[in-house]
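Thanks for coming. I will keep this short and go through one structure from the overall fold down to single residues.

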Amino acid sequence: MPIPNVTMRWAQNQATCKWCKALIEPGQAMVAVFFWNRGNDGKRWNYQYCFHPECWLKQGYDYLERNPYTPYIHSGRQVVKARRTEEERRQRYLITRRFHSLVQRRSNLSNGSKPLISLRLECQMADLILEMQKLGGVPKKWVEKL
Ligand SMILES: [Zn+2]
């Protein structure tokens, strides 16, 4: 996917406004929308659209009018994610790291030879799952690992 990068700057060269098709002269303010592709599909490319600043707003409003406002449904995963605070995200990150290191240690045990150690690790994993639950939900894959 190309990632657009939007900047407002002075036109250096004459350009054509993508919205009204009129010319943007050197020295005028313009909005440049620069699309670039990292090249992970083997192809590196980029291109640029130019707009008069007011035309940039017009095309934005035009888009919004064609795509009317609909409120989010507040049970969706994405919305829950967006509501997390910085601190919750940090805590979740730390717990995730501890959880994965427990999974790693358990898989390093030779098969069935140390059931007590394995059990202890699983208790710790269960504790982390409970902590994660309080911080807004447990990733599905975690429960499968127990
Ligand atoms: Zn224009």
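Predicted model: local features only at pLDDT ≥ 70, side-chain atom pairs only at ≥ 80, totals over all residues.

Residues are numbered from 1 along each chain as its sequence is written, and side-chain values use heavy atoms, with hydrogens and water left out.

First, the fold. The protein chain has 5 helices and 5 strands. Helices here are DSSP runs of H or I with at least four residues, strands are runs of E with at least two, and both are numbered from the N terminus. From the N terminus on, the order is β-β-β-β-β-α-α-α-α-α. Of the 146 residues in the protein chain, 23% count as buried. Buried means under 20% relative accessible area, exposed means over 50%, and partly exposed is in between, with a 1.4 Å probe and protein chains only. A contact means heavy atoms within 4.5 Å. Among contacts in the protein chain with a separation of 6 or more, 47% come from residues 24 or more positions apart.

Next, the metal site. Which protein atoms are the donors of the zinc ion? They are Cys17 (SG), Cys20 (SG), His52 (ND1) and Cys55 (SG), at 2.0 to 2.3 Å from the zinc ion. Donors are N, O and S atoms within 2.8 Å of the metal (3.2 Å for Na, K and Ca), and water is not among the atoms, so sites may look incomplete. The arrangement is tetrahedral because the 4 donor atoms subtend angles of 103 to 118° around the zinc ion. For four donors, tetrahedral requires all angles to lie between 85 and 135 degrees. Along the chain, the donors of the zinc ion have the spacing C-x2-C-x31-H-x2-C.

Cys20 is partly exposed, at 36%. His52 sits in the loop between β5 (45-51) and α1 (53-66). Leaving aside neighbours within four places in sequence, the contacts of His52 include Cys17, Cys20 and Ile24.

Lys21 has a positive phi of about 70° and is not a glycine. Most residues other than glycine have a negative phi. Lys21 counts as exposed, at 58% relative accessibility.

Now the helices. The 14 residues of α1 should span 20 Å at 1.5 Å a residue, and the end C-alpha atoms of α1 are 20 Å apart, which agrees. The expected span is 1.5 Å times one less than the number of residues. Pro53, Cys55 and Gln59 are buried in α1. They cover an arc of only 165° around the axis, so they are on the same side of α1. That arc is taken from the directions from the helix axis to the C-beta atoms. Leu57, Tyr61 and Glu65 are exposed on the other side of α1.

The buried residues of α3 are Arg92, Ile95, Phe99, Leu102, Val103 and Arg106. Their cover includes α4 (115-134) and α5 (140-145).

The largest nonpolar core has 11 residues, including Ile95, Phe99, Met125 and Trp142. A nonpolar core is a set of buried Ala, Val, Leu, Ile, Met, Phe, Trp, Tyr and Cys residues joined through side-chain atoms within 4.5 Å. The largest share of this core, 5 residues, comes from α4. Apart from it lies another core, of 8 residues, among them Cys17, Ile24, Cys50 and Cys55.

Last, Trp10. Trp10 is in strand β1 (residues 3-10) and counts as exposed, at 57% relative accessibility. Not counting residues up to four places away in sequence, Trp10 touches Gly27, Gln28, Ala29 and Met30.

Methods:
Tetrahedral: all angles 85-135°; square planar, octahedral: opposite > 155°, others 65-115°.
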